[in-house]
Amino acid sequence: MVISNVQTPEEISSSFISSVFASRYVQDPLPRYRMGENSIPREVAYQIIHDELQLDGNPRLNLASFVTTWMEPECDKLMIESINKNYVDMDEYPITTELQNRCVNMIANLFNAPLREPKQAIGVGTVGSSEAIMLAGLAFKKKWQNKRKSQGKPFDKPNIVTGANVQVCWEKFARYFDVELKEVKLREGYYVMDPKKAVEMVDENTICVAAILGSTLTGEFEDVKLLNDLLAEKNKKTGWETPIHVDAASGGFVAPFIYPELEWDFRLPLVKSINVSGHKYGLVYAGVGWVIWRSKEDLPEELIFHINYLGADQPTFTLNFSKGSSQIVAQYYQFLRMGMEGYKKVIANCTENAKLLQKALEKTGHFDIISKQKGIPLVAFTLKDPHNKRLPFELSKALRHHGWIVPAYTMPANVEHMTVLRVVVREDLSRQLIEKLVFHITNATSELADQLVRPAVPRIAFTVEVKESDEERGEEKGTLHIPAMGIHWKQYKPEIVVKEVQVMGGKTKGVC
Ligand SMILES: Cc1ncc(COP(=O)(O)O)c(C=O)c1O
């Protein structure tokens, strides 16, 4: 079963691939959905695929994603050099393993883990934050179950308390691993988890409270310090030991560099694990994330597999077995090359650019900004006219004509009436590009506002009357009996109608 499909109906109807350049070599079109009978020359195969990929969006203009779209050529070269190494073959590629371990230790230090020895950090590289969150969640679940079993208490109803703004990977974890997700609802003007409400929702079955450092929807940092303090009080009263996980997918490589005084990490005693995406502000192309545990005691030993059939004993805790090494090498390159100084400069520059964009959008008079100054470098905004529900989606579509990918999405419970547009400011979004983007947003908004603001729509109502006809019903199988019909219509005076679009509630799947 193929479960992802974004092709247009015309594309689906054609089951052959054709290519202008490749037609010099290939006379017959190649089948699209089954393997061709014969081989084709390699340059033709390249050309066909290269041509087809031209129709993808331009990654640099993809402002929907936090994920890195530009790296230095030296790093691209290193990635190509390690593309044929399977990361899991640790005994065969010990240096790659060593680079991963250095990265884990560097990140643990960055997050202020209390390390007993300089290189004893506990953590692993993953494919992204989603896998990292699955592993962290499993560790919490196992630890909680072990404790409940030892107390002779039921251990079949674990839950996690989060804000309704969590990314979809938390819902996935909950569904895949049978954990209830208890979401604190958002409210007008407050779009992150309220720590007070979260702590009220904690019960004896709560395996952890998940806080987000950098909400996917608005970039805002949740108040992990307040959560830690309130939860510590509750733990003291109840005797529970409910821990905290911080989903720092984006913020983990933002806060340490520009808000070092902000306490959100292992400086807070209840924070037991943290995930971060290397491929977001860790500045590596898609395919790397990290999960770090506070200490060995926070990762139950029974989750770790020891394999030895590829050589020496190797402990592993991942969902997948084989994976590429390039992203690990690239992450190490960035840490080595940039150092604290380089990351500070890049993140500070992104933050400055986000401020410029925010000011320019405010100046247009069309938008309200809902992202906060202190947070992920992004600008999330809504249209001032809240009645025109179609406008944000039409604006997103209009920007696509200029190549920009700016998502529009509805917010989760209880602010689902809001539709937000979001621009993620990455390293490669230069000031010149920002100026052009604002120009296109302003023009498109004015044009659309004129077109979409309550056009007069003529309305005609039809009624269809269906009567039994006198005609005899045919005896033969397959004979159609057509009833007599009358169609009556009535035209109303054109009137002003605001057209509403159906918008999906729940998690916003299109943003990551
Ligand atoms: C807060 C948060 N958590 C988790 C994820 C999932 O991260 P990944 O794409 O690295 O799996 C995202 C993605 O944007 C996110 O914003």
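Guide: Two strands are said to pair if DSSP finds at least two bridges between them. This is a predicted model, and its secondary structure comes to 12 helices and 19 strands.

Visitor: In what order do the strands of the open sheet lie, and what is the sense of the pairing?

Guide: Strands of a sheet pair through backbone hydrogen bonds, either parallel or antiparallel. Here, 4 strands form an open sheet in the order β12-β13-β15-β14, with antiparallel pairing. Strands β12 (367-369) and β14 (408-410) are at the edges and have a single partner strand each, so one side of each lacks a neighbour in the sheet. Direction ignored, neighbouring strands of this sheet are turned by 40° against each other on average.

Visitor: How many bridges join β13 to β15?

Guide: Strand β13 (residues 378-383) and strand β15 (residues 419-424) are joined by 4 bridges in the antiparallel sense. Within this pair, Ala 380 has Arg 422 of β15 as its bridge partner.

Visitor: Which way do the residues of β9 point, and are they buried or exposed?

Guide: In a regular strand the side chains alternate between the two faces of the sheet. From β9, Gly 289, Val 291 and Trp 293 point one way, Trp 290 and Ile 292 point the other way, and all are buried. For the chain, buried residues make up 38% of the 512 residues.

Notes
Residues numbered from 1 in each chain as written. Predicted model: local features only at pLDDT ≥ 70, side-chain atom pairs only at ≥ 80, totals over all residues. Buried ≥ 20, exposed ≤ 12 C-beta atoms within 10 Å, placed from the backbone. Helix = DSSP H or I, 4+ residues; strand = E, 2+ residues; numbered from the N terminus. Axes fitted to C-alpha atoms, helices over the stretch in contact; angles between N-to-C directions.
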